[in-house]
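Here is a short note to read beside the model. Please keep the sequence and the 3D view open as you go.

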Amino acid sequence: MGGLNDSMVNEFVLLALSCSWEKRLFLILICSLLYLGVILGNLFILFLVIFDSHLHSPMYFLLANLSLIDVGLSSTTVPKIITDLLNEDKIIPFQSCMTQICFIHTIGGVEMVLLIAMAFDRCTAICKPLHYLKIMNPKICVSFVITGWVIGVIHAMSQFLFVIKLPFCGPNEVDSFYCDFPKIIKLACTDGAKLEFIVTANSGFMSMGTFFLLILSYSFILVTVWKRSSGDLSKAFVTLSSHITVVFLFFTPCMFLYVWPSPPPSLDKNLFIVDFAITPVLNPAIYTLRNKDIKVAIKRLLKKIFYSRFC
């Protein structure tokens with residue numbers, strides 16, 4: 001971390017938050033509601049999976065971890081945005097900016113691995129049903145989570161160690177809601193073309209590679225279900241619709257942000273809202289509304305609450 005002391009810039013200004021008071025009030029309301037939905041929705045799923053013994057299975061173990069990651073991903077940016085909207089100065093210290101970037105990429109890497117693990121879980125459950133519990137044993141599930149964190153840390157640090165050594169002597173204005181590698185590299189007092197390529201190769205190719213791997217996995221599962229259900233493709237889509245929806249919601253913004261060299265500022269800001277606020281708040285709804293086991297677990301929970309209160 002010695003690079004921090006050599007930097008002439010000790011704070012960044014987030015220009016995307018500079019707007020009229022009326023627009024700021026609107027953004028505060030929207031961000032607060034979305035963040036509340038993220039916290040309540042994902043923690044509810046986490047609570048349900050932990051305390052309902054019927055949900056103690058590999059699929060729901062991974063889902064609970066995904067919910068926890070969604071809370072973390074949203075918490076890296078949205079609370080800071082709400083705070084900045086309430087203040088006149090939209091400033092983030094250099095150290096906080098670097099920390100935010102590291103958390104974003106670490107948690108993003110973990111989520112990618114978890115989505116791969118969930119695809120593997122569904123593939124095993126559908127293609128190898130008799131061996132499902134043997135293959136997806138608790139040790140394997142925990143290994144997926146640990147691997148996710150290891151890959152996430154390596155993914156973040158492999159870029160951070162290059163960026164932290166860059167000289168920042170001004171300007172210090174970031175046209176965004178948050179800090180990220182591509183935006184910070186452009187502010188360095190040196191030619192950042194090679195480093196931008198490294199970021200694209202790392203984050204961009206990782207996002208695209210994971211996305212296409214997941215699409216291939218779910219395509220294989222869809223074909224398998226389709227063959228077993230005598231050509232009824234609707235049954236296959238119902239089986240995997242929630243997983244496929246989550247994959248598209250998570251990876252579409254990632255690929256635009258890291259593969260497209262210079263996305264328009266308006267698109268960049270809108271994709272940010274999708275990735276850090278809308279997707280984490282929609283995930284609980286997608287898995288709750290389209291999952292019979294979760295619905296049944298909610299009914300059991302409501303019955304317990306009702307009987308304990310009125311009986």
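Is Arg 300 buried, partly exposed or exposed? Arg 300 has a relative accessibility of 25%, so this residue counts as partly exposed. Keep in mind that the model is predicted.

1. **Salt bridge of Arg 300.** The side chain of Arg 300 meets that of Asp 52 in a salt bridge, at 3.2 Å from N to O. The two residues are 248 apart in the chain. Arg 300 sits in helix H12, while Asp 52 is in the loop between helix H2 (21–51) and helix H3 (58–75). Asp 52 is buried, because its relative accessible area of 9% falls under 20%.

2. **The other salt bridges.** The whole structure holds three salt bridges. One of them joins the side chains of Lys 80 and Asp 84, 3.1 Å from N to O. Both residues belong to helix H4 (residues 78–86) and stand four residues apart, about one turn of the helix. Lys 80 is partly exposed at 23%, whereas Asp 84 is buried at 2%. Arg 122 also forms a salt bridge, with Asp 121; their closest N and O atoms are 2.7 Å apart. Here both partners are buried: Arg 122 has a relative accessible area of 14%, and Asp 121 has 1%.

3. **Positive patch.** Look at the surface around Lys 292. Arg 290, Lys 292, Lys 295, Lys 299 and Lys 303 gather there in a patch of positive charge. Lys 292 lies in helix H12 (residues 292–310). Its relative accessible area is 71%, so Lys 292 is exposed.

4. **Aromatic pairs.** There are ten aromatic pairs in the structure. Among them is the edge-to-face pair of Phe 12 and Phe 168, with 6.0 Å between centres and 90° between planes. Phe 12 is in strand E1 (residues 11–14), and Phe 168 is in the loop between helix H7 (138–163) and strand E3 (173–174), so the pair ties together parts 156 residues apart in sequence. Both residues are buried.

5. Phe 211 and Phe 248 are edge-to-face because their planes meet at 85°, with ring centres 5.4 Å apart. Phe 211 belongs to helix H9 (residues 193–228) and Phe 248 to helix H10 (residues 233–259), 37 residues apart. Phe 211 is buried at 8%; Phe 248 is partly exposed at 39%. Both are part of one aromatic cluster with Phe 212, Phe 250 and Phe 251.

6. **Thr 106.** This residue lies in helix H5 (residues 94–127). Thr 106 is buried, at 10% relative accessibility. The C-alpha atoms of Thr 106 and Gly 148 are 8.9 Å apart, though 42 residues separate them along the chain.

Technical notes
Residues are numbered from 1 along each chain as its sequence is written. This is a predicted model: local features need pLDDT of at least 70, side-chain atom pairs count only at pLDDT 80 or more; totals for chains, interfaces and linings use all residues. Side-chain values use heavy atoms; hydrogens and water are left out. Patches are made of residues with over 30% relative accessible area and no salt bridge: like charges are joined within 9 Å, nonpolar side chains (Val, Leu, Ile, Met, Phe, Trp, Tyr) within 5 Å. Accessible areas come from the Shrake-Rupley method with a 1.4 Å probe; for residues, only the protein chains shown count as cover. A salt bridge is a side-chain nitrogen of Lys or Arg within 4 Å of a carboxyl oxygen of Asp or Glu. Lys and Arg count as positive and Asp and Glu as negative; His and the chain ends are not counted. The place of a charge is taken as NZ of Lys, CZ of Arg, CG of Asp or CD of Glu. Buried means under 20% relative accessible area, exposed over 50%, partly exposed in between (1.4 Å probe, protein chains only). Rings of Phe, Tyr and Trp (its six-membered ring) pair if their centres lie within 6.5 Å; planes under 30 degrees apart count as stacked, over 60 as edge-to-face and the rest as tilted.
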